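Here are a few notes to read with the model open beside you. Take the points in order and find each residue as you go.

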Amino acid sequence: MCGGVRRGLGPGRKADAGADRATRGASSGRACRSVEEPHRERGGASVCLLVVGLALVLAGMFGAAVGAARTARQQAAVAADFGALAGAGRALEGDEAACSAAAEIAVRNGGRLLVCRLDDLDVLVTAEVSVTVLPGLTRVATASARAGPLRG
């Protein structure tokens with residue numbers, strides 16, 4: 001009778017006094033200690049749950065960082081493409097007019113013009129976009145584009 005619980009007695013039955021004393025003597029022995037041992041491992045599931053939760057948060061942050069880097073690459077490509085098209089539209093006016101138009105469009109698309117060069121009537125543009133993929137970790141995505149008249 002570990003912990004004062006009697007088992008095996010149905011309604012209307014009386015316990016034997018000798019058996020009751022023997023049970024009490026055994027209750028102070030090993031039988032009660034083995035029941036209490038699992039209590040030392042309480043909270044183990046909580047620790048496992050915290051580790052799994054932390055792993056999911058880290059995986060989510062990694063996925064968000066990769067997504068931000070890919071988005072920045074696309075944004076740089078768009079800024080370079082549109083900048084080259086805008087510069088090609090003003091290529092007949094000269095190098096300065098073409099590159100100022102390319103720079104303006106690149107900035108409006110979230111980029112910064114790094115290189116602008118006129119090659120005949122073709123405009124070659126390189127644009128960059130800065131992105132903070134994780135707190136304290138900033139990267140730069142660059143892209144180049146070329147635009148000019150159709151040659152046939």
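**Notes on the predicted model**

1. Start with helix α3, where Ala65, Ala72, Ala76, Ala79, Ala80, Gly83, Ala84 and Gly87 are buried. Keep in mind that this is a predicted model.

2. What lies over those residues? The cover for the buried residues of α3 includes α4, β2 and β3.

3. A handy thing to know when looking along a helix: with 3.6 residues a turn, an α-helix has residues three or four places apart pointing the same way.

4. Now hop to helix α4, residues 95–108, which holds Ala102. Is Ala102 buried or exposed? It counts as buried because its relative accessibility is 0%, and the cut-off for buried is under 20%.

5. Which residues does Ala102 touch, if you skip neighbours within four places in sequence? Its contacts are Gly83, Gly87, Leu113, Cys116 and Val125. Look at Leu85 too: it sits 17 residues from Ala102 along the chain, yet their C-alpha atoms are separated by 7.5 Å.

6. Last stop, the strands. β2 (residues 122–134) pairs with β3 (residues 137–147) in the antiparallel sense, over 11 bridges.

How values were computed: Residues numbered from 1 in each chain as written. Predicted model: local features only at pLDDT ≥ 70, side-chain atom pairs only at ≥ 80, totals over all residues. Heavy atoms only, no water. Pairing = 2+ DSSP bridges. Helix = DSSP H or I, 4+ residues; strand = E, 2+ residues; numbered from the N terminus. Buried < 20%, exposed > 50% of the residue type's maximum accessible area, 1.4 Å probe, protein only. Contact = heavy atoms within 4.5 Å.
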